[in-house]
Amino acid sequence: VVATLGTALTEEQARLLQKAYFEDMPHTEISAVTGLPLGTIKSRLSRGRELLLKRLKIFGITPEKTDI
């Protein structure tokens, strides 16, 4: 499941999600580090989360079952 989820994301989506959720980096800091506008960071993180949730549902995992 984890390998399939990882391949669902683009390299950029994975990098941004890593910074936001595993490194606890604020969106403003991600923007400063990457040089991308804050709105772009927010929209790309949102799309990445949506894609991961869709992939989880394929495996029968829903936010209610995983406490996401």
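In this predicted model, helix α2 (residues 11-22) packs against α4 at an angle of about 100 degrees, and the two axes lie 9 Å apart. The two helices α2 and α4 are therefore roughly perpendicular to each other, since angles of 65 to 115 degrees are placed in that class. On the α2 side the contact is made by E12, Q13, L16, L17, A20 and Y21, which meet I41, R44, L45, R47, G48, R49, L51 and L52 of α4. Sorted by class, the residues in this contact of α2 with α4 are 8 nonpolar, 2 polar and 4 charged.

The setting for this pair is a chain whose secondary structure comes to 5 helices and 0 strands, with the elements running α-α-α-α-α from the N terminus on. Of the 68 residues in the chain, 24% are buried. Among contacts between residues at least 6 apart in sequence, 55% join residues at least 24 apart.

| Helix | Number of residues | Span between end C-alpha atoms | Expected span |
|---|---|---|---|
| α4 | 21 residues | 31 Å | 30 Å |

Which residues of α2 are buried? They are Q13, L16, L17, K19 and A20, and seen down the axis of α2 these buried residues fall within an arc of 160 degrees, so they line one face of the helix. The face of α2 turned away from this buried side carries E11 and F22, which are exposed.

In α4 the buried residues are I41, L45, G48 and L56. They cover an arc of only 75 degrees around the axis, which puts them on the same side of α4. The other side of α4 has R47, K54, K57 and I58 as exposed residues. As a general point, an α-helix has 3.6 residues a turn, so residues three or four places apart point the same way.

L51 counts as partly exposed because its relative accessibility is 24%, and, leaving aside neighbours within four places in sequence, L51 is in contact with A8, L9 and Q13. Although L51 and A8 are 43 residues apart in sequence, their C-alpha atoms are 7.3 Å apart in space.

Just after α2, D24 takes a positive phi of about 50 degrees, although D24 is not a glycine. D24 is found in the loop between α2 and α3 (27-34), and at 64% relative accessibility D24 counts as exposed, the cut-off for that class being over 50%. After α4 comes G60, whose phi is also positive, near 80 degrees.

Methods: Residues numbered from 1 in each chain as written. Predicted model: local features only at pLDDT ≥ 70, side-chain atom pairs only at ≥ 80, totals over all residues. Heavy atoms only, no water. Helix = DSSP H or I, 4+ residues; strand = E, 2+ residues; numbered from the N terminus. Expected span 1.5 Å × (residues − 1). Buried < 20%, exposed > 50% of the residue type's maximum accessible area, 1.4 Å probe, protein only. Arc of directions from axis to C-beta. Axes fitted to C-alpha atoms, helices over the stretch in contact; angles between N-to-C directions. Parallel < 35°, antiparallel > 145°, perpendicular 65-115°, else oblique. Contact = heavy atoms within 4.5 Å. Nonpolar A, V, L, I, M, F, W, Y, C, P; charged D, E, K, R; others polar.
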